[in-house]
Amino acid sequence: MTAISTSGLTKRFRGGQLAVDHIDLAVPLGSVYGFLGPNGSGKTTTIRMLLGLAYPTSGTASLLGVPMPDGATTVLHRVGSLVEGPAFYPFLAGADNLARYDAADRTADPATARARITEALDRVGLLAAAKKRYRHYSLGMKQRLAIAAGLLRPRELIILDEPTNGLDPQGTREVRALIRQIAADGTTVFVSSHLLAEVEQICTHVGVMRTGKLVFQGSLPELRRTGASRVSVQTADPEAAAKVLTGLGLADAQATEASDVQADDAQAGASAILGDASPEQVCAELVQAGIGVRGFAVVSPSLEDLFVGLTGEGFDVSG
Amino acid sequence: MSAGRFYASELRLVLLRRRNLLLLAVTAVFPLIIGIALRLAAPRPEGGDGGTGLAFFNQLAGNGVFLTFIALSTLLVLVLPVVVAVVAGDSVAGEAGYGTLRYLLAVPAGRTRLLAVKYGVIVTFALCATFIVSAVALAAGAALFPVGPVTLLSGTTVSLAAGLLRLLFVTLYVTAAMAALGAIGLAISTLTEHAIGAIATLMILVVTSEVIDNVPQLHAAGPYLPTHWWLSFDSLLRVPVDTSTLLRGLLSFAVYAVLFGSFAWARFTSADVTS
């Protein structure tokens, strides 16, 4: 069984816009799954369909093996969620807001409500603000209260949509620590973000969305393997080096003139995709061809490069 | 199992809102004002002026119980509909506006269950408002005017206890009218995430219906209007009780409640929640 699985899940808005386009998610139980993509790539619409808030145009989805949206009332109490930012009653205190959501849950035990609310508030560090009105909460407190609502009961799956949106670095760190803690308890975590850095540190798996399509899904090592390593040679004679690399059958050989980069002579050189060639062989060939090799390296692309490659220029890597 | 708990939570949420409490307070003040104004303007009992032309007003000088009927019929024109419209229009649209609707559904509250609880609380609130009007009017009437056996509109006199029993039925009839209005408000509320818009739409509907009901040329449409039967509670103040009018009124309320309740359900259980 998977925590989340979808098959051909599609959502076309009434205006005709295809927001989610035949995606097949497979989120393993116990994973921390980062759902990445630029703003507007269909992440939130997907999450809304997973939670039964929006109905798919076609395709199916299931949570913890239960089909959605039909099984909403039987499975959602095992799933905690934060969708598109926190939402509470501004005129109620933090604890009263949690009590409100708990009261709406027909499977929650009213006898333990008070204890569970206190525990959830304690876990997110809001116990001191329990009696404060939500209206007076800071953005970070609101976000944490929303996570507390997700923790009111033991959950098997937590779905967090952009949990650090609008938070300062301190708040972001706190939320990240919370997610780690939740995952350590064995809960599957599905966290969406448009920030690579946010999920890179905590996720075991990632799915990458681009304009409604799931363009990659797998573990982080799998994602790294999709990137082609390049050989990079530093030399005073880039053109000649690039020719040798091409001659060796390496793809995408490029020469970098000194003037192209920040006028630093040492940066001049050539690079090409290594492919199946052995770096030792390539280096030897270069030397044999009379290229003055100042430096030689095999470079793997950073995750960030891979993401930009997957999601296109619009991807906001820096935040 | 804990539908009662959800209902209680919803009722607390509605009853503890300062805005709603204020509405109930205003509702309570109106019968007092009307009572005092009529006491000051009342013709001396021996004067027998009776120039107002309204049946209730003529009876008031002789019996304070009639202040309840005067208050109910006066407040039914605008005040009670506003009170119900605020709570009904806010019911779903307000949650959508706060964004709490998506979290309630993710809890999961269940769409049908949520709607049922919302409507239950609307009806409870309408009941509170109506009974507050009757209770305050009765107390004010007793304080400002003589109280005794009740002479009904048909001229028959019944005991005070029998009169009060009729008052109870009148209040319940008015509650039924407001419950039907609440169903219309609930339906409108599922169409928007702007509570104010839903409240205003419902009030425009009420006023339009009342205006059409008063245009002689549109007489034929009258019985089908949502507001047409509201004041028919005077049927209860006759001997024998005019049951055919009363039943047609109740039927009208039931039809409106079922029609708009079904619409609200169909809409709410099939629409995407995008707020």
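In which loop of chain A is Pro69(A) found? I looked and found Pro69(A) in the loop between strand E6 (66–68) and H2 of chain A. Helices here are DSSP runs of H or I with at least four residues, strands are runs of E with at least two, and both are numbered from the N terminus. The peptide bond from Met68(A) to Pro69(A) is cis, with omega near 0°.

Conventions, noted before going on. I am working on a predicted model, in which local features need pLDDT of at least 70 and side-chain atom pairs count only at pLDDT 80 or more, while totals for chains, interfaces and linings use all residues. Residues are numbered from 1 along each chain as its sequence is written, and chains are lettered from A and ligands numbered from 1 in the order in which they are written.

**Chain A, overall**

I counted 11 helices and 15 strands in chain A. The chain is divided into domain 1 (2–225) and domain 2 (228–299); the bounds come from an automatic or database domain assignment. I find the C-alpha centres of these two domains of chain A 46 Å apart. For the radius of gyration, taken over C-alpha atoms, I used the globule rule of 2.2 Å times the number of residues to the power 0.38. A compact globule of 319 residues would come out near 20 Å, but chain A has 25 Å. Along its principal axes the C-alpha trace of chain A spans about 80 × 45 × 35 Å.

His22(A) has a phi of about 45° although it is not a glycine, and its place is in strand E2 (residues 18–23) of chain A.

**Chain B, overall**

Chain B has 10 helices and two strands. Read along the sequence, I get the pattern α-α-α-α-α-α-α-β-β-α-α-α. With 275 residues, a compact globule would have a radius of gyration near 19 Å, and the 20 Å of chain B agrees. Its C-alpha atoms fill a box of roughly 65 × 40 × 30 Å along the principal axes.

**H8 and H9 of chain B**

I took the axes as lines fitted to C-alpha atoms over the stretch in contact, with angles from 0 to 180 degrees between N-to-C directions. The axes of helix H8 (residues 160–189) and helix H9 (residues 195–213) of chain B come within 9 Å and cross at roughly 135°. H8(B) and H9(B) are therefore oblique to each other, since angles under 35 degrees count as roughly parallel, over 145 as roughly antiparallel, 65 to 115 as roughly perpendicular and the rest as oblique. H8(B) contributes Ile184(B), Gly185(B), Ile188(B) and Ser189(B) to the contact, and H9(B) contributes Ala198(B), Thr201(B), Leu202(B) and Leu205(B). These residues divide into five nonpolar, three polar and no charged.

Last entry: the peptide bond from Val239(B) to Pro240(B) is cis, with omega near -5°. I place Pro240(B) in the loop between H9 and helix H10 (243–270) of chain B.

Conventions:
Contact = placed C-beta atoms within 7 Å. Nonpolar A, V, L, I, M, F, W, Y, C, P; charged D, E, K, R; others polar.
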